[in-house]
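Q: Could you walk me through reading a sheet and a helix in a model like this one?

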Amino acid sequence: MIVKSLDHLNSISVKISKKLEKGDIIFLIGEIGVGKTTFTRHLINNLQKQKGLKETEVLSPTFNLLYEYDIKDLKIMHYDFYRINKADELDNLGIFSDRLNAIKVIEWPDLIKTPIKNKLEIHFEYGQNDNVRNIKFVGFEKWANLEYEI
Ligand SMILES: Nc1ncnc2c1ncn2[C@@H]1O[C@H](COP(=O)(O)OP(=O)(O)OP(=O)(O)O)[C@@H](O)[C@H]1O
Ligand SMILES: [Mg+2]
């Protein structure tokens with residue numbers, strides 16, 4: 001689908017945030033600067049708003065690999081694996097641990113080959129002009145029909 005603006009991206013993130021549950025894993029796929037962190041920022045800030053919390057800064061985890069957000073009973077783990085070169089470097093990052101307690105959002109997830117139930121992939125591409133993006137949902141199980149629900 002075509003994302004016309006940052007506002008439009010925000011409204012998409014609201015709809016996804018309402019369907020999110022503990023245990024969900026979202027892969028964000030697409031080139032540098034296409035909007036993966038921006039989407040995550042909207043998603044986290046919307047969850048904070050919905051739970052009556054103050055919105056916090058959401059920075060890119062490119063250098064830290066992981067930033068965590070505690071949003072009342074929800075924990076969001078935001079990863080960026082751009083700088084990881086080998087799959088075994090992922091072993092200590094807890095991608096599959098704490099599965100039932102956290103929601104994981106992963107930029108540059110290419111090295112993760114393990115099949116994941118209820119995975120949602122969001123593929124981003126640059127669009128016709130600066131603020132436009134094309135996104136495609138590849139959802140499994142509970143996310144399978146997302147493109148018709150948004
Ligand atoms: N419709 C849109 N959706 C997403 N980002 C947009 C849109 N329009 C403009 N932008 C801008 O594009 C930039 C996206 O940068 P962002 O850091 O989110 O990319 P990224 O995919 O996380 O890059 P990286 O691979 O380096 O982590 C931001 O400056 C954002 O404001
Ligand atoms: Mg990013």
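A: Happy to! This is a predicted model, where local features need pLDDT of at least 70, side-chain atom pairs count only at pLDDT 80 or more, and totals for chains, interfaces and linings use all residues. Residues are numbered from 1 along each chain as its sequence is written, while chains are lettered from A and ligands numbered from 1 in the order in which they are written.

Q: In what order do the strands form the sheet?

A: Strands of a sheet pair through backbone hydrogen bonds, either parallel or antiparallel. Here strands are DSSP runs (E, at least two residues; helices are H or I, at least four), numbered from the N terminus, and two strands pair if DSSP finds at least two bridges between them. The open sheet has seven strands, ordered β1-β7-β6-β2-β5-β4-β3, with mixed pairing. At its edges are β1 (2-3) and β3 (66-71), each pairing on one side only.

Q: Is α2 mostly covered or exposed?

A: A residue is buried if 20 or more other C-beta atoms, placed from the backbone, lie within 10 Å of its own. In α2, 11 of 15 residues are buried, including F39, L43 and L47. After α2 comes G52, with a positive phi near 75 degrees.

Q: Which residues come nearest to ligand 1?

A: They are G35, K36, T37, T38 and N131, out of 19 residues around ligand 1 (C-beta atom, placed from the backbone, within 6 Å). The largest share of that shell, three residues, comes from α2.

Terms used: Buried ≥ 20, exposed ≤ 12 C-beta atoms within 10 Å, placed from the backbone.
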